Each structure stands twice: as C-alpha cells, then as structure tokens.
Amino acid sequence: MKERAVVTVACLCWLTMTGAVLPAAGPDQGVDPFLQGQLQYRKWAPVVAKARRDIVRKDWDRARARLAPVLAACPSHHEALYLTAGALNATGDYPAALSCLERAETSLQEQQSLCTAWREKDRVRLEQEEKTVRELMSGEATRGKVHASCARGDTTIIPGKPEPGSESPAPLASPAPEDFRVPASYSFLHGNCLFQLHRFAEAEGRYRTAITTDPGYAPAYQNLINLLLVGKRSAEAAAEMKRADEAHVRLDPRLRQAVSAAVQEGIQ
C-alpha cells in the first residue's frame, strides 16, 4: 500500500472564558495569585488579539514579534505560548513549537488549580458575610427594632440581597476551573508537532485526547485517521471514520476514498 500523506488541518483558536471582576490597578502582593495572572492577561489582550490576526494571515514572523514582549513579561501566558507554537510549527521548528505547547498546557493546569483555590476562598468569604448579616438582623429583632422595609410592608429582606432600588449593576461572571481545561486545539497542534518528529504513538494519543475533549473536533479525526493509514492500520482507520460519522463530523472526501481503498487492499 502506498504511503499516504497526512491531511493537516490548521486550526488555531482563542481560548474563550468569562472575565473575572478584577481591580483596576496592577498586580501587587495584596492581590490573589489567580487574579494577578488574570490582570496580566487583560493587560496583554490587545497585543495577543493582533497576533492572532497575524496567525490567520499566516504572517508568522510578525506574530512571533508581537508575542515576544508578552512572553517576556508573562512567560506563562498560555495563549501567547500556543500562538507562538502555531507559528513555529508552520515554519518547521517542531521542537521549539512542542516546548511552547508543553509550557502552555502546564500553565493552564496551574491556572485551573489557582482558580479552584480562589473560588473556594471567595465561597468562604461570602458564607461569612451572610452569617454576619444574619447575626446582625437577629440582634436587631431581639432589641425590638424592625427593618424599615418590613414596616412599609415590603418583601422580606434576604440576607446578602440588596434592598429594592439599591441594586448595583451585575458583576461579570467569574471564571470557573473548567474554563482552564486544555482545549482540543492545543492537543491537536501538540499531536501535529509529535507527528512531524516521528513520535507517532504519542501523536496518536494527543489526537485521541483532542477528540475526548471535543467529540466533534474534525481536525483531530482527520489527522488520527491519516496517522493510522500511514501506519497501515486500515481497519482501525475505518473504525475511526465510522466513529466520526456517528458524531456527525464532516471529513475530507479524499480521506474517505483513501480509507476505502486501504480496506479493499487489506481484503485482497
């Protein structure tokens, strides 16, 4: 069977997450480590957005030049690392691209842990505030005082809830630990770098990880099936193609033809 080339689908995406309510000032020793990191991300967001557009235009050198100061100031900026890895992969520097991806994934894992700790501290703080409000209200009732809203016949005051008419604008939703999971696009690009370095078993694992993260992620199916074809594992390639069809993933028609031909050659 002739060796078939891998159909590589470039797919660079921005990790989307909801914004935390952050202080306006720069990071300092009094700010939670998780919030310090988010402050840095917010500071460099316009630069990273421009680099992302450079990547889309395939202007690899300009993208890397834009991202260099971001990584100098914030070496663990996972999107800057990911975009840099994409530019390096596109220009054939696979070892350097792989290093950036590994650092990006480590950064995401660290941010996930920090976010979990931050949310737990916030939960404890809110519970303490509610407890204090309940104690204060209980003390007022004991002394025979009635809240003004009750005297007016208003709805009962709920601890922690502002009085009617005094509400402030709702804060932005806070990030959750799940927002820092390694995206399928990271695992996919990681697999591509490993494939180019002929580390096929590891590349296969990364493609499968991307599919587990996002069962509808077509690029990972494409390259996994190609990898199996290159390894003359046509039956497994056909099984993955069936799995993709069940997930309603659209595959390149040329890939379908290649799998069919390989299966027929195996039968003969």
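## How α7 meets α8

How closely do the axes of helix α7 and helix α8 come, and at what angle do they cross? In this predicted model, the axes of α7 (residues 200–213) and α8 (residues 218–230) come within 9 Å and cross at roughly 150°. The cut-off for roughly antiparallel is over 145 degrees, so α7 counts as roughly antiparallel to α8. The crossing of this pair is left-handed.

On the α7 side, the residues involved are Phe-200, Ala-203, Glu-204, Tyr-207, Arg-208, Ala-210 and Ile-211. They meet Ala-220, Tyr-221, Asn-223, Leu-224, Leu-227 and Leu-228 of α8. Sorted by class, the α7 and α8 contact comes out as 10 nonpolar, 1 polar and 2 charged residues.

## α1 against α2

Helix α1 covers residues 33–56 and helix α2 covers residues 60–73. Their axes come within 8 Å, with a crossing angle of roughly 165°. Since anything over 145 degrees counts as roughly antiparallel, α1 and α2 are therefore roughly antiparallel to each other. α1 goes past α2 in a left-handed crossing.

From α1, the contact draws on Gln-40, Trp-44, Val-47, Val-48, Lys-50, Ala-51, Asp-54 and Ile-55. From α2 come Trp-60, Arg-62, Ala-63, Arg-66, Leu-67, Pro-69, Val-70 and Ala-73. The tally for α1 with α2 is 11 nonpolar, 1 polar and 4 charged residues.

## α1 against α3

What about α1 and α3: are they roughly parallel or roughly antiparallel? Their axes come within 10 Å and cross at roughly 20°. Roughly parallel means under 35 degrees, so α1 and α3 are roughly parallel to each other. This crossing is left-handed.

The α1 residues here are Tyr-41, Val-48, Arg-52 and Ile-55, and the α3 residues are His-78, Glu-79, Leu-83 and Ala-87. That gives 5 nonpolar, 1 polar and 2 charged residues.

## Asn-89 and the cysteines

Asn-89 sits in helix α3 (residues 78–90). Its relative accessible area is 16%, and the cut-off for buried is under 20%, so Asn-89 counts as buried. Leaving out residues up to four places away in sequence, Asn-89 touches Tyr-94, Ala-97, Leu-189 and Cys-193.

How many disulfides does a search of the whole structure find? The count is 0. Cys-193, one of the residues that Asn-89 touches, is in no disulfide, and the nearest cysteine sulfur, that of Cys-100, is 9.2 Å away. A disulfide would need the sulfur atoms within 2.5 Å. Cys-193 is buried, at 0% relative accessibility. Cys-115 is buried too, with a relative accessible area of 0%.

## Pro-177 in its loop

Cys-115 turns up again here. Pro-177 lies in the loop between α5 (148–151) and α6 (184–196). Although Pro-177 and Cys-115 are 62 residues apart in sequence, their C-alpha atoms are 5.5 Å apart in space.

Is Pro-177 buried or exposed? Pro-177 is buried, because its relative accessible area of 14% falls under the 20% cut-off. Setting aside neighbours within four places in sequence, Pro-177 is in contact with Gln-112, Cys-115, Thr-116 and Arg-119.

Notes: Residues numbered from 1 in each chain as written. Predicted model: local features only at pLDDT ≥ 70, side-chain atom pairs only at ≥ 80, totals over all residues. Heavy atoms only, no water. Helix = DSSP H or I, 4+ residues; strand = E, 2+ residues; numbered from the N terminus. Buried < 20%, exposed > 50% of the residue type's maximum accessible area, 1.4 Å probe, protein only. Contact = heavy atoms within 4.5 Å. Axes fitted to C-alpha atoms, helices over the stretch in contact; angles between N-to-C directions. Parallel < 35°, antiparallel > 145°, perpendicular 65-115°, else oblique. Left-handed = near helix turned anticlockwise from the far one by under 90°. Nonpolar A, V, L, I, M, F, W, Y, C, P; charged D, E, K, R; others polar.
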